[in-house]
Amino acid sequence: MDQLTDHAQQQFMKLLGRYSEDSYFYLVRNYLGVVTTPFHKPQLTARLCQFFSQKTHQDRMLELLDELDLVILSLLAVTGPLPSEVVMDLLKGSYSYGTILRRVANLQERLVLMTDEGRLVFNPLLAEELALRCSLRPLFGEHAQQVSSAPYCSTEFVRAYLSLVAKESKVAFREEYLRVFPSFEPPRLQQLFNALTQVLMQNLVLTGDKKVSIDYDRAGMLLELDDHQLVCLLLCSQMSTFRGESSFAFCSDLLSYLDALMQIDTASLKLLIRSLSLKHGIAYDSEVLTHLSTWGVITLDGVWKVADIQTGQQTNALLIDSDQTISYLGSRPKDDILYRFTFIEVLDRQKRYRLTKESFLWGLDSGLSYQEIERYLQDNSSTAMHSLLLKQLGMLNERYQAITVYDALLLSCDERTAHVVQNLPTLAEHRYKSISPTLFLMRRDTEEIWRQILASAGLLAGATRSYEKIEVQKQKEALSLSLLLQQALRCRRCTTAKVEGDTVRPMIDESLQREIESSSFSQAQKQDLLHRFHAKMILSSSQIVAQVINTTIEAGGFDYQGKVSLARQAVGRKDVALQLQLTDQELVVQALEVAYTVQREALLKAAVMPTMEVKILPISKIFLIRLVRFHVS
Amino acid sequence: MMQDTPLIVQSDKTLLLDVHHKDSEACRADLVRFCELIKSPEHMHTYALSPISLWNAASSGFDVDSVVERLKAWSRFPVPESILFYVKDIASRWGKVRLSESDDPRYYRLFVDSQRIKTELMQRKALSKLLVVKDEHSFLLETYARGEVKLQLIKIGYPVEDRVPLVKGPDVPIALRSETLGGKPFSVRPYQQMASDALLGDLGPGCGFGTIVLPCGSGKTVVGMHIMQRLCTRTLVVTTNVAAVHQWMQEIQDKTTLDSSQIGEYTGERKDPRDVTVCTYQVLTYRPDKEGPFPHLELLTKGRWGLIIYDEVHMLPAPVFKVTAELQAVYRVGLTATLVREDGREDEVFSLVGPKRFDVPWNELQQQGFIAEAYCHEIRIDLPKELEIPYALATKREKYRMASENPLKLEVVKDLVSRHPDDFILIIGQYLDQLKQIADAFGLPIITGSTPNAKREELYKAFKEGDCRILVVSKVANFAIDLPDASVAIQVSGTFGSRSEEAQRLGRILRPKNRSSFFYSVVTRYSNEEEFASNRQKFLAEQGYSYEIEVWTN
C-alpha cells in the first residue's frame, strides 16, 4: 500500500512538474498560501504533494464532489484519459458547452483532475477513491430493474438457423419462419436473417447461391464461441471501421456496459459508443447502434432494452418424445450436434427439433456418422427415451449405407502394382476403397499427391487423363474466419462497471466561509477567497491567507470599462476563455484582439469555442463577461 | 426467476406441460379451462391458447384476470409479455357482440359494442348480406342465418355471446340405469361426467353445444347418453354406418330407461324415426341424382329434435355442414377421438357443431385403466425378390399398392396369429383382394363394404360372444364398431398416410380388459409404404404411443 502511495506521489509530482509556470503558481498560491522569493520549486511541489496526501484534505475533496463532477469523472473512467476538448464535445449534448468547460477547468483547479500530455487523468493520489465513486448511472441515465427477455442472435439461434437452412437448402427469409422463432418480432427476424446470412456467407460457413450448403467445420468453429463472443464477432463483421483486436475489445466492452445498464436511451447509447470508440482508438461508427439492434442486443421499447446475453448457461438434458421431437430448455453445450441431424421446429424458451428421415440423412450426408448420432442420443437422454428411436435410425442407416456414391478416380493396375498400391502406407489416406484386387477408388482432390507417391515408389502412373478436371473455385474470404475467431475468443464480459453510484450530497464546510468573512483581510482579498471557496478550492484554514490570486474575473451590466479590461486580459492567453452572456445566447470564446471603432467603441475579436469560428462582437452588446480558466496544466 | 412448477409458456402461445412434475395434474385441471390440448406424447404435453379457447373460458365465467393469474402461478419462467397482452386482447373481445331474441320471432338481434365494430361488420361482404341495420348499436338477422353469422364473426375475431336460449325439444324422460339390462353394474365414469358437464354447463346461454374429444374405447356413447339424460328430450344420433347405428340402439336400450319402442332407426334399410333416433351420415347425404336435393336431410331440420349427437364428428360430410349451420338453436354435441381431418376442415366442423369442450390425453386414461394398455409394433418385411423389379418400375401409387399387398404378409399374419392363441384378433386392411386372400388362406370370416348388414351383425355378434375368435375386416370397421373383447389388431394395409384411420383402428382394441392389447402394422421394408406408415403413426405418436419396430426376414 505504501509502495502504491509512493508511486502515486511520484506520479503526482511528475505531472505537476510539467505544468506551466502560470498554472503551477496559481495552484501553489491557492493551496500553500503566499509564495515568497526565493523559492525552491521541488520543495514547493513536495509540499503540495504532502498537502494532497493528507487524509483530511483528500476526504474534503471527495466530500465536495457533486453530480456533474461525477459525470465527468465517470466518463473518464469509461474512456480513459482524454483531452478536455473531447470531454466537452462528448458531454455537450447533455450540458451547455460553457458549463462543461468551466467544470472541467474547476476539477483541474481542485486537482481532482490533472493533465498528462494534454489528457485529463485522475489525480494519482486520489485515483482509487475517485474510481470507486464513478458509476454508469449519472452518465447513461436510469437503469432497468430487470433484464429484458428479448431474444437475440445467440449460438442457439445460429444452430436453429443452420438447421433451417439445411432443411430448405435456401437462405431467403420466409414468413413461415415466424412460427419457428415466435419470440422475434417479424421485421426484426427478417433483418436478423439477412444479416446473419451475409456474415455466414462472408465467412464461408454458407456457400452456394440457389442451393446453399453448409460447411459444418466452420460452423462448428463459430459455435465454439459463447454468446458474448459470438455477438462480438457478428458486430465486428459489420463494422465499417473494423480494426482487428481493437474492434473486438470495443464490442466486448460495449456489450459489457450494456449488460450492466440493462436499458439506455438513444443519446446515452451514442455517448457510450463514442466513448468506447475513443477508449479503443477506433473511429466512431454511427451504424453500430443499428447493428446492435439487428443482432437483438437492444430492442426499442420506449428506451433501448438490453438483451440478457448469456455467457455460460446451464446445459439441459434432451427430452425425446414419442412423436420424434427432441426438445430442451435453455441451451446445449458448444459442441452439440443436434442441429446437424434434426430440423428445428420452435426456438423459444423450450427448443424443439424434429428428427425425420430427411434430417437424419442430411446429417449423414454432411459427414456425421451413425455412431456419432447414436452416442450423442445415448449420452444425452435416458434409455427409455432413445431406445426405440435408435432402432429406427439403425435401420435407416443400414439402408443409407447400402449405396455409396464416390467422387473419385478409378485406378486400375496389374497384380504386382496392385500389391504395392494396397500396402503402401502413404497411399492409405488417398484410397477410398478397393473394389477388386486390381481396382482402387482414389481421391480426386489429392490426385497430384498420390501420383507423386506412385512415381516416387517407382510406379509409372499413366499420363493420360480421361476425365474433365473439376475446378473448385474457392470464394475469397473477406477475413480469415479463424483469425476472427481467435480474436472473438479473447472477448470476455467485464462486469466491473459499477452501475449505481452512491447518492451525492456535496458537503460545504460553512465554518471556512465564516472564517473568511470574519477575517480582517481587504475586501478584494475576501472576495477572492470567497470566490475560491465557492469554487471548492479551499480545503483548510491554512489556505485562508491575505492575498489575491485571481484579479477581477467577472464584469457586467454598466461596467463597460471592466468588461473591456477583462477582454484585454484574456487576449492571447491559451489557458483562459471568456464566457460571454449576450442577450439571446451564451458563447465561450478565446479572445484574439480588442480593437476600437472610429467612435471609440471597443470590439472583441474572438474565436468561438469549440468550432473556433471567428466573430467580432461589440463589447457594449455583451451583458456579462466572465474570465474562465480552462486549462490548468 | 425460475420456480418449481410444471408449465413452460412459449411465445407462440403454446404451453408445455411437464407430465412428470408432481403438480402436473393440478396444472392440467386449470389449463383445460382456457387452453386446447394439442398433443400429449409421453413426456411433454402441448396445450395452446387460442381465441376459441379463451372465449370459451370467458363464456363459462373464467375471466381474463383468472387466466393471467393461473398462467403466472403455473409458469416456470416469467410469462412473456406478448402472451399476457394476447390473452387480455383476445379475451376482451368477448361480449362485444351479443346475439339475442328480437320482438319479431323471425329475427334475432345482434348488438355491437361500438360504432367501429358496427362499421367493420357492415364492410364485410359475407356479413353485410345477412344483416339489416336496426339502430345505432344493433342489427337484425333472420333466424336461419344464426350459424353463418356466428361463423363469419368468429373468422374476423369477434366471438358472439349467444344469449338466445337453445330451443328445448319435446320432453322425453330418459334416465341412466345403475344396472344394465344385461345385468351388469353400470355407472358414469368421472371423466364422462366431466365431459357432459363441460358441454352443458348450467344450460344457460353459451352452453349446450360443442365437441367432446375422448380416446377410442373410452365410452363416448356413455357421454352421449349422459347428456341425453340431462336434457330429457327428443334426440337424433348421427353415426357412420349401420352397424354403429345398431350398436348405439343396443347401448341406449341396455343402459337407459328407454324401451325399444322409443328408439328408432333411420338408415337405408329402415326409416323409423322415434323419440330417440339413430341414423347414418350416408342416409342424410343420399340423393338420387348428383344435382338433386338431399331427401333425407329433412330428418335433421324438421325432426323437432331437442338434441343432435354427431358421432365421429370429424367425419361430418360437407352437405351436413350447411344444415348444421342452420341448426344453431338445437342442443348438439360432436363426439370424436381424432380431431384430425385430412382435408383440414376441423375448424369449420367445430365452429358449426361447437367448440371443443373437453379433451383428455389418451395415456392418462390408459394409466387410470379406462382404456387398455396397448403395445404397437411395426413389422417390416422384404418384398419378394420377383417383385423388386416390377416395384422399381411402377408408379408411386402402384408401388404403394404392391407394397401393401406384399404376399409375404400372409406368412406374417400367420405367425402373429399364432403368437396370440387366446386373443380375439382383428385383421384389418384396405385392399379387398388381399383381405379375401387372407380370409381364404386361414378359413376366416370376412366383413367388407359388400357384406350385407345382417351378415355383418351376425359376424360381429359371433365375435362378441366368442364363437369366432378372428375376423378379417375392411375399412368398414374403422369407426364406431364396438368389439369389447378384441385385443389384437393386425393391420395389413391402410389408406395411404391417414392418421385418423390408424388411430381409429387402434381404437378397436382399446376397450379395457384384463389383458394388454397389441397392434401390429405390417409394412414392406424399403418401400414407400414405410413412409406412409410413418405418417399414419403421427397422431398416435402425439398421444404417447411408440412403435416397436421388428424386421422379419426370411
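**A sheet in chain B**

Mentor: Strand E5 (residues 97–101) and strand E6 (residues 107–112) of chain B pair in the antiparallel sense, with five bridges between them. Within this pair, Ser100(B) stands opposite Arg109(B) in E6(B). Keep in mind throughout that this is a predicted model.

The two strands belong to an open sheet of five strands in chain B, and the order across the sheet is E7-E8-E6-E5-E9. The pairing in this sheet is mixed. At its edges stand strand E7 (132–135) and strand E9 (160–162) of chain B; each has a single partner strand, so one side of each is left without a neighbour in the sheet. From one strand to the next, the twist averages 30 degrees.

A helix also belongs in this picture. Helix H7 (residues 146–155) of chain B lies across E5, E6, strand E8 (138–142) and E9 of chain B. Relative to E9(B), H7 of chain B runs at about 145 degrees.

Now for the domains. The domain assignment of chain B gives domain 1 (7–92), domain 2 (97–162), domain 3 (190–360) and domain 4 (367–552). Between domain 1 and domain 2 of chain B, the C-alpha centres lie 30 Å apart.

Chain B has another sheet to set beside this one. Seven strands form an open sheet in the order E12-E13-E11-E14-E15-E10-E16, and here the pairing is parallel. Strand E12 (263–266) and strand E16 (356–359) of chain B stand at the edges with a single partner strand each, so one side of each lacks a neighbour in the sheet. The twist in this sheet averages 20 degrees from one strand to the next. Inside the sheet, strand E11 (residues 235–239) and strand E13 (residues 276–280) of chain B run parallel and are joined by five bridges. Thr239(B) has Thr280(B) as its bridge partner in E13(B).

Helices pack on this sheet as well. Helix H8 (residues 190–200) of chain B touches strand E10 (209–213), strand E15 (331–336) and E16 of chain B, and its direction makes about 165 degrees with that of E16(B). Helix H10 (residues 242–255) of chain B touches E11, E12 and E13 of chain B, and its direction makes about 160 degrees with that of E13(B).

In soluble globular proteins, nonpolar side chains tend to be buried together. The largest nonpolar core here has 185 residues, and among the members that touch the most others are Val87(A), Val297(A) and Leu54(B). Helix H15 (residues 244–261) of chain A supplies the largest share of this core, ten residues. Leaving aside neighbours within four places in sequence, the contacts of Val297(A) include Tyr152(A), Val231(A), Leu255(A) and Ile309(A). A second, separate core of 113 residues includes Val333(B), Leu352(B), Ala403(B) and Ala439(B).

Last, the place where the chains meet: 19 residues of chain A are in contact with 23 residues of chain B. On the chain A side, the largest share, five residues, comes from helix H21 (residues 383–401) of chain A. That side has five nonpolar, seven polar and seven charged residues.

Note on methods:
Residues numbered from 1 in each chain as written. Chains lettered and ligands numbered in written order. Predicted model: local features only at pLDDT ≥ 70, side-chain atom pairs only at ≥ 80, totals over all residues. Contact = placed C-beta atoms within 7 Å. Helix = DSSP H or I, 4+ residues; strand = E, 2+ residues; numbered from the N terminus. Nonpolar A, V, L, I, M, F, W, Y, C, P; charged D, E, K, R; others polar. Domains from an automatic or database assignment. Pairing = 2+ DSSP bridges. Axes fitted to C-alpha atoms, helices over the stretch in contact; angles between N-to-C directions. Core = buried A, V, L, I, M, F, W, Y, C linked by C-beta atoms within 7 Å. Buried ≥ 20, exposed ≤ 12 C-beta atoms within 10 Å, placed from the backbone.
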